[in-house]
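Open the model in a viewer and keep the sequence panel beside it. This tour goes from one selection to the next.

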Amino acid sequence: MIQKMMLFCLGICTTLGAMDNAHFYRATNLWQETRLGIDLLTSADVSAGWGKTHKSRNSQHHTAPLFDLYGPNNMHDLGINVPGKSNTNPLDLILCQLANTPERTVEMPGCHCSIPHPFASFSIGGEFSIIESNLSLIQNAVHGFFGELFMPVRNIKINDICFKDLSPEDEEIPNNKTPMWLAFQNNFDAILARYDLSRCPTNETGVGDLSILIGWTNNYQETEFLDFIDTTLKVGILVPTGKKRNEDQIFSIPLGYNGHVGVPFSGDIAWGLYDWLTIAGHIDGIFFAGTSRDIRLKTAASQNGIIKLAKGTANINKGAIWSFGLSLKADHLYRGFSALMGYSFAAHRPDTVFPSHSCFDSSVANCDETLQGWSMQTIHFLAEYDFTKDDAQAGARIAGFYNIIVDGRRIFKTNMVGGILGVDINWKF
């Protein structure tokens, strides 16, 4: 009888969803629920999700073309203070002469979200798409302790890239017909190639960063008014197994956290009411160790956007990533069917770089908008069906989810839709 009651609890309380690592390029995934503390319980979950977008949100929370999340991409000052420039190279002369052309910005009339149109700058559009699978394996020990392995696998594509000239189109000088600006555009690919840069589309497939965690959970049922109070705590190490960003490709995105070792942790609490309602809260974070490598660096405070010509070695202190969430779950409304709605907020603190060579100004390098972090607010919807039977030692679960971004800064607006398949095995016969 006790065995059957434990398996019934298993059917009600086991989690659907995999541990999430938040990223700026897609909606935050739904976090794991509190863990059931049955000794020797094994749980395996596989999720698959898909998303596509042409839009981003910039630092003012406004919708913008995909690669304008950091604002207009300034080409006017692209060559200022770049190491290795030569006064005899015709491509470098174009950069110098463009920088010496007077600056000009036209404020566009209309709605409050219209961006200024600076002379010699690009708006960069494109299509981002992602297919992501998250693999999670959790093994309980005894007394509430458990271990977990979590591995994401991703395919990231960026194509349909387009550069739109934002220069003023009126008769005032400078404008979109200024000779030095036209010369820059005609030689743009050659200038990029001189500094080992490519603006080609990207298509990357591989694993993300592996997380190895240990945790402890407690399922407390000795309450007078509530059905239960569950708590789960986890901490571990994030191993940088994901492919790093290619610094010579403008549109390259790392498959993990770009070579940084991390320490992830999370805490969850859930309250059960009325034999069918679960209210849950979640918080997690990742602290990163510093690393050193060659990266693209700003060489003038007026530079802006995703294109930087200079590359040098720098020590990188990656900002922590935090997220918290709340959810309501209607558990087993009809047989094994449950429904959940949740909200999460995720934020990445700014990165800091310390260039190794004296030709780079650290204060200039750190005023880069691409280092200033991001934030994201997501609404989560999940419907699940639990096939676990009262007298079974194992049970399967299936779910569908939709994660919708409702606000954010410096992020891609990539909503995610997908499904999750899970299985639980109780080894205590």
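How many bridges join S8 to strand S9 (residues 202-207)? Select both: 6 bridges link S8 to S9, and the two strands run antiparallel. Strands here are DSSP runs (E, at least two residues) and helices are DSSP runs (H or I, at least four), numbered from the N terminus; two strands pair if DSSP finds at least two bridges between them. The model is predicted, with local features needing pLDDT of at least 70 and side-chain atom pairs counting only at pLDDT 80 or more, while totals for chains, interfaces and linings use all residues. Residues are numbered from 1 along each chain as its sequence is written, and side-chain values use heavy atoms, with hydrogens and water left out.

Phe-146 has Gly-215 in S10 as its bridge partner.

Now select strand S7 (residues 121-140) together with S8 (residues 145-165); this antiparallel pair has 18 bridges. Gln-139 is bridged to Gly-147 in S8. The hairpin of S7 and S8 has 4 residues between the strands, and His-143 there takes a positive phi near 60°.

Move to the open sheet of 3 strands, in the order S3-S2-S21 with antiparallel pairing. Strands S3 (63-65) and S21 (411-412) stand at the edges with a single partner strand each, so one side of each has no neighbour in the sheet. Between S2 (residues 55-57) and S3 there are 3 bridges, and Ser-56 stands opposite Ala-64 in S3.

For the helices, select H2 (residues 90-100) and H3 (residues 179-186). They pack at an angle of about 145° with axes 9 Å apart; axes are lines fitted to C-alpha atoms over the stretch in contact, and angles run from 0 to 180 degrees between N-to-C directions. Ile-94, Leu-95, Gln-97 and Leu-98 in H2 meet Met-180, Trp-181, Ala-183 and Phe-184 in H3, where contact means heavy atoms within 4.5 Å.

Last, show Tyr-70, Arg-245, Pro-254, Asn-258 and Thr-370, which lie nearest the centre of the largest cavity among its 42 lining residues. A cavity is a set of points on a 1 Å grid over the protein atoms alone where a 1.4 Å probe fits but cannot get out, and lining residues have an atom within 4 Å of a point. Strand S14 (residues 291-296) gives the most to this lining, with 3 residues.

Terms used. On a 1 Å grid over the protein atoms alone, a cavity is a set of points where a 1.4 Å probe fits but cannot get out, and a pocket is an open set with protein on both sides within 12 Å along at least five of seven lines; lining residues have an atom within 4 Å of a point.
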